Amino acid sequence: MELEEIIAMRVREYRNAKKISLAELARRTGMSKAMLSKIENAQTSCSLSTLGKLAEALNVPVTALFRGVDAEREAVFVPAGHGARISRRGSDVGHLYQLLGSLRGEHKRIEPLLVTLTEASEVFPLFQHSGTEFLYMLEGVMVYGHGDARYEMRPGDSLQFDGEGPHGPVELVELPIVFLSVTAYGSVG
């Protein structure tokens with residue numbers, strides 16, 4: 001759908017929802033009914049000042065007139081239990097990683113993982129990577145280290161830290177251990 005068509009649809013939608021006639025909208029904006037008709041029929045492109053007048057007269061933010069532009073955006077749905085098994089540095093010592101979603105290109109700013117540690121898992125030399133990491137404990141008990149600090153983590157506990165500092169599980173207290181790990185990489189480009 002063209003931008004003019006989306007704006008036309010939104011202006012008509014808001015005008016009708018507020019039960020404002022075309023004549024009344026013309027009075028509120030200082031525009032002619034003919035011009036408003038052209039806008040509502042996508043026969044003209046609006047200037048920014050015209051969009052501002054329309055938004056003010058309809059009592060909506062200017063951005064509301066663009067709702068639906070770029071509606072087709074990438075989304076990733078992963079059904080329960082179907083996250084892709086991926087390999088990470090800890091995979092060699094029994095850490096199981098399931099990727100819970102991943103956008104491509106410039107939109108890949110976070111990496112959500114479900115991490116499972118079992119009897120086969122070992123405490124691993126500490127990790128270091130770019131970005132900010134967030135952990136949320138779902139099951140089990142572990143002591144997690146970041147730098148010199150140690151945190152005993154139980155279900156419901158969370159921890160957020162700078163990924164460039166050395167970090168990782170230092171003691172596996174109650175198995176199995178399952179936690180959500182989300183790494184945010186900041187802006188790309």
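## Basis

The model is predicted, so local features need pLDDT of at least 70 and side-chain atom pairs count only at pLDDT 80 or more, while totals for chains, interfaces and linings use all residues. Residues are numbered from 1 along each chain as its sequence is written, and side-chain values use heavy atoms, with hydrogens and water left out.

## Helix α1

Helix α1 covers residues 3-17. Helices here are DSSP runs of H or I with at least four residues, strands are runs of E with at least two, and both are numbered from the N terminus. At 1.5 Å a residue, the 15 residues of α1 should span 21 Å, where the expected span is 1.5 Å times one less than the number of residues. The end C-alpha atoms of α1 are 21 Å apart, which agrees.

The buried residues of α1 are I6, I7, A8, R10, V11, Y14 and R15. Buried means under 20% relative accessible area, exposed over 50%, and partly exposed in between (1.4 Å probe, protein chains only). Their cover includes α2, α3 and α4 (48-58). After α1 comes K19, with a positive phi near 55°.

## Helices α2 and α3

Helix α2 (residues 22-29) packs against helix α3 (residues 33-40) at an angle of about 110°, and their axes are 9 Å apart. Axes are lines fitted to C-alpha atoms, for helices over the stretch in contact, and angles run from 0 to 180 degrees between N-to-C directions. The angle makes α2 roughly perpendicular to α3 (65 to 115 degrees; under 35 is roughly parallel, over 145 roughly antiparallel, the rest oblique).

On the α2 side, L22, A23, L25, A26 and T29 meet K33, L36, S37 and E40 of α3; contact means heavy atoms within 4.5 Å.

H95 is in the loop between β1 (84-86) and β2 (96-99). At 3% relative accessibility, H95 counts as buried. A polar atom of its side chain lies 2.9 Å from the backbone oxygen of E122.

Q98 belongs to strand β2 and is also buried, with a relative accessible area of 16%. Leaving aside residues up to four places away in sequence, Q98 touches G81, H82, G83, A84, R85, P112, L113 and L114.

## L126

L126 sits in the loop between β3 (110-117) and β4 (132-146). L126 is partly exposed, with a relative accessible area of 29%. Not counting residues up to four places away in sequence, L126 touches R89, P166, H167, G168 and V170.

Methods:
Polar contact = N/O pair within 3.5 Å; in protein donor to acceptor, adjacent residues only side chain to side chain.
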